[in-house]
Amino acid sequence: MHDIRAIRDNPGAYERGWSSRGLEDAAGRVAEILKLDGELRAVQTALQEAQARRNEASKLIGQAKAKKDEAEAQRLMSEVEALKGQIAARFEDEGRLGNALRDLLAALPNMPAEDAPPGPDEDANVEVRRWGEPFAITDPKDHVTLGEALGMMDFEAASRMSGARFVALRRDLARLERALGQFMLDLQTVEHGYAEVSPPLLVRDEALFGTGQLPKFAEDLFRTTDGLWLIPTAEVSLTNLVREQITPEEELPLRLTALTPCFRSEAGASGKDTRGMIRQHQFYKVELVSITAPEQSEDEHERMVGCAEAVLKRLELPFRTMLLCTGDMGFSARKTYDLEVWLPSQGRYREISSCSNCGDFQARRMDARAKRAGEKGARFVHTLNGSGLAVGRTLVAVLENYQDEGGRIAIPQALQPYMRGQSHIG
């Protein structure tokens with residue numbers, strides 16, 4: 001959500017910011033916001049004046065009756081009745097205009113940070129750094145070919161029961177998926193200080209509104225028959241732990257993590273990555289969330305990216321870190337880094353983590369604030385989220401980067417303790 005006072009004070013900044021994010025007719029949107037805001041404030045002023053006059057006239061009725069001036073008392077009573085009708089109409093106008101303004105603001109993305117590179121799409125993203133050299137593999141096979149040859153990756157059986165974009169993993173690959181999740185969770189909690197949470201997987205509308213998935217992206221979600229939603233990421237559950245709360249600033253930053261299933265309809269991904277595990281309806285992910293004071297969020301963002309990078313470094317998987325341009329960021333983000341891991345079968349880097357600083361955008365939608373000891377006022381917190389990492393895509397990267405010519409998969413040393421010392425699959 002956006003601060004209407006900030007838009008009122010500097011409309012040009014919002015026109016430029018939303019234009020850089022690909023919003024068509026940003027100037028028209030800003031003009032519409034200011035028009036609604038002006039009408040709403042005029043109605044609120046008229047409402048306050050009518051209420052004040054009603055209260056004043058009500059007092060005068062008693063005074064007129066005390067003086068036995070029945071004519072004046074009757075006139076004042078008639079005025080009060082008329083004012084009641086005006087007040088009811090003003091309340092109705094206030095609600096209508098307020099809802100229209102809130103709906104308009106809720107549909108608009110976060111403003112980009114000043115150092116987010118401008119650009120319309122992923123071609124304008126900026127490479128920040130690389131780590132590791134791509135593995136030299138002769139004629140690399142993709143993860144589907146490898147997994148099916150091992151007899152441990154079954155898309156056909158999953159399709160029979162659930163349709164496309166599902167997989168059933170068996171034996172060592174099922175164990176490897178579990179090992180990856182536990183390894184990531186242990187790294188983030190033991191070494192990086194994130195507090196583990198086991199959060200709800202089903203949430204209400206308000207939770208998804210708070211983190212920005214609703215109302216705009218409802219088609220990307222799965223909804224139950226009783227109106228709850230399956231989480232597309234644990235970001236939703238973890239961030240909403242502070243909704244409608246005032247957190248002591250002395251407790252910030254809060255660093256939270258969870259390993260959960262995630263569910264996405266992939267409504268906008270028709271034809272993309274239809275083969276394999278890159279884009280599934282159900283997958284596991286270790287999520288990182290930080291709740292900070294405004295002054296902490298930029299440093300916390302860099303720290304979070306480092307925590308996600310550490311997973312790939314421990315697994316010795318080549319990757320690069322990208323700073324996303326304004327046209328490629330998610331709805332709630334003001335600045336985003338993507339980590340892209342090397343996939344030999346595709347001969348390119350693919351996204352495996354996205355780490356975003358949302359500023360106070362989500363906090364305003366959730367009414368999440370913080371207060372310093374001894375001070376009266378509270379202020380909105382900043383929220384950050386990132387993948388640490390997507391487990392399915394990490395499994396894909398391990399299979400492809402650690403394959404040998406015979407189709408065996410070497411297990412990264414960091415995972416071997418989670419695999420009972422096993423060094424290879426196949």
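Predicted model: local features only at pLDDT ≥ 70, side-chain atom pairs only at ≥ 80, totals over all residues.

User: Fine. Which strands does helix α10 lie across, then?

Analyst: Helix α10, residues 297-314, lies across β1, β9, β10, β11, β12, β13 and β16, and it runs at about 5° to β16. Helix α12, residues 391-401, also packs on the sheet, where it touches β9, β10, β12, β13 and β16, with its direction making about 35° with that of β16.

User: What's the strand order in that open sheet?

Analyst: The open sheet has eight strands in the order β1-β11-β12-β13-β16-β10-β9-β4, and the pairing is mixed. At the edges stand β1 and β4, each with a single partner strand, so one side of each is left without a neighbour in the sheet.

User: How many bridges join β9 to β10?

Analyst: Ten bridges join strand β9, residues 254-263, to strand β10, residues 282-292, and the two run antiparallel. As one point of reference along that pair, T260 stands opposite K285 in β10.

User: And β11, is that buried or exposed?

Analyst: Five of the five residues of strand β11, residues 319-323, are buried, so β11 is largely enclosed by the rest of the structure.

User: Which residues are on which side?

Analyst: In a regular strand the side chains alternate between the two faces of the sheet. In β11, F319, T321 and L323 are on one side and R320 and M322 on the other, and with all of them buried, both faces of the strand are covered.

User: What does β11 pair with?

Analyst: Strand β1, residues 126-131, pairs with β11 in the antiparallel sense over five bridges, and R130 stands opposite R320 in β11. Five bridges also join β11 to strand β12, residues 335-343, again running antiparallel, and there the bridge partner of F319 is V341 in β12.

User: Switching to helices: what span should α7 have, and how far apart are its ends?

Analyst: Helix α7 covers residues 171-191, and at 1.5 Å a residue its 21 residues should span 30 Å, which agrees with the 29 Å between its end C-alpha atoms. Just after α7, G193 takes a positive phi of about 80°.

User: I clicked on R54. Where is that?

Analyst: R54 is placed in helix α3, which covers residues 26-66. Its relative accessibility is 26%, so R54 counts as partly exposed, given that buried means under 20% and exposed over 50%.

User: What does R54 touch, leaving aside its neighbours in sequence?

Analyst: Once neighbours within four places in sequence are left aside, R54 is in contact with V80, L83 and I87. By contrast, the C-alpha atoms of R54 and E156, 102 residues apart along the chain, are separated by 73 Å.

User: What radius of gyration does the chain have, next to a compact globule?

Analyst: The chain has a radius of gyration of 28 Å, whereas a compact globule of 426 residues would have one near 22 Å. Taken along the principal axes, the C-alpha atoms fill a box of roughly 105 × 45 × 45 Å.

User: And how many helices and strands does the chain come to?

Analyst: The secondary structure comes to twelve helices and 18 strands. Of the 426 residues in the chain, 49% are buried.

Technical notes. Residues numbered from 1 in each chain as written. Heavy atoms only, no water. Buried < 20%, exposed > 50% of the residue type's maximum accessible area, 1.4 Å probe, protein only. Helix = DSSP H or I, 4+ residues; strand = E, 2+ residues; numbered from the N terminus. Pairing = 2+ DSSP bridges. Expected span 1.5 Å × (residues − 1). Contact = heavy atoms within 4.5 Å. Axes fitted to C-alpha atoms, helices over the stretch in contact; angles between N-to-C directions. Rg over C-alpha atoms; globule rule 2.2 N^0.38 Å.
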